[in-house]
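The following briefing concerns the structure displayed below.

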Amino acid sequence: MPRILTSSTTAIAAVLALVVPAHAFTIQGNAGSQLQATEIASFDQPWSMTFLPDDTMLVATKPGQLFHVQADGTSTPVGGMFDVAYGGQGGLGDVVPHPEFASNNRVYISYAEASSNGSTFGAVVVSATLDTSGSAPQLTDIQRIWEQQPKVSGRGHYSHRIAFGPDGTDQAGMLFITSGDRQKQTPAQAWDMNLGKVVRLNDDGSVPADNPWQERGELAKTFWSTGHRNLLGIDFDASGQLWTHEMGPRHGDEINLTLPGENYGWPVVSWGDNYSG
């Protein structure tokens, strides 16, 4: 079972824990580096984790549970959770605190949901207040921020990673969401679908007036960049530049400096080969 670890590079160790023994152990890097790690907690299919200002963690598991985790590994399920469409690549996804979490206790959570008849699926992002004042943590005041449009068949390539622009940069406080192409390819180049895009919003889900495409329709006003496949990593560097990691077809994975108004090519241009050959 996957484990959460403590080490000098916790995020790396938590991923590598999928293939190493329990308890205290050494992780040997292929370039000669070493990590000394200690198991502190275990979870069923953890998909994301984030630290809160008090050094506790939130851990989201793909089947749909969110846990509040203390530094010693003690974990408590968070109440007030919603149903998720678990299956394939879908389920509970990212969890990220608001930049002003210390004062507003807001967290942003992504997950996969089914349509009313259960035939199509799409990613959703909500915000909620994390209340830790009682005997068990609880989500309250859940607000829907964003959703993939349209919902489509299949359970692949949701992406739904979340990042806030860092303080002291032009993007401070802005909400960025990755939206996978859902294995449909053509939506990544379409203006009336937000699949295969990086989306930029205000923290309440409203649309910034300075997004790059203002003349391509209402949905396109939310786009930061287009032509993406399945973005499973998003982060800002020390100078405030946005980078995304894109899972391409065979031999086609990419790490991109993700600039406003740019088209990253999928499915017209790729370094990889379709699995069909």
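In which sense do strand 13 and strand 14 pair, and over how many bridges? Strand 13 (residues 175-179) and strand 14 pair in the antiparallel sense over 5 bridges. The model is predicted, so local features need pLDDT of at least 70 and side-chain atom pairs count only at pLDDT 80 or more, while totals for chains, interfaces and linings use all residues. Residues are numbered from 1 along each chain as its sequence is written, and side-chain values use heavy atoms, with hydrogens and water left out.

- Strands are DSSP runs (E, at least two residues), numbered from the N terminus, and two of them pair if DSSP finds at least two bridges between them.
- Strand 14 (residues 197-201) is mostly covered, with 5 of its 5 residues buried, where buried means under 20% relative accessible area with a 1.4 Å probe, protein chains only.
- In a regular strand the side chains alternate between the two faces of the sheet.
- On strand 14 both faces are covered: Lys 197, Val 199 and Leu 201 are buried on one side, and Val 198 and Arg 200 on the other.

**Nonpolar cores**

- A nonpolar core is a set of buried Ala, Val, Leu, Ile, Met, Phe, Trp, Tyr and Cys residues joined through side-chain atoms within 4.5 Å.
- The largest such core has 18 residues, of which Leu 58, Leu 66, Phe 82, Leu 92, Ile 109, Leu 130 and Leu 139 touch the most other members.
- Two or more residues each are contributed by strand 5 (57-61), strand 8 (92-97), strand 9 (106-114) and strand 10 (121-131); strand 10 gives the largest share, 4 residues.
- Beyond its neighbours within four places in sequence, Leu 139 is in contact (heavy atoms within 4.5 Å) with residues including Leu 66, Val 78, Phe 82, Ile 109 and Leu 130.
- A second, separate core comprises 16 residues, among them Ala 112, Val 125, Tyr 158 and Phe 164.

- Strand 17 (residues 242-247) is joined to strand 18 by 4 bridges, and Thr 244 has Asn 256 in strand 18 as its bridge partner.

Notes:
Buried means under 20% relative accessible area, exposed over 50%, partly exposed in between (1.4 Å probe, protein chains only).
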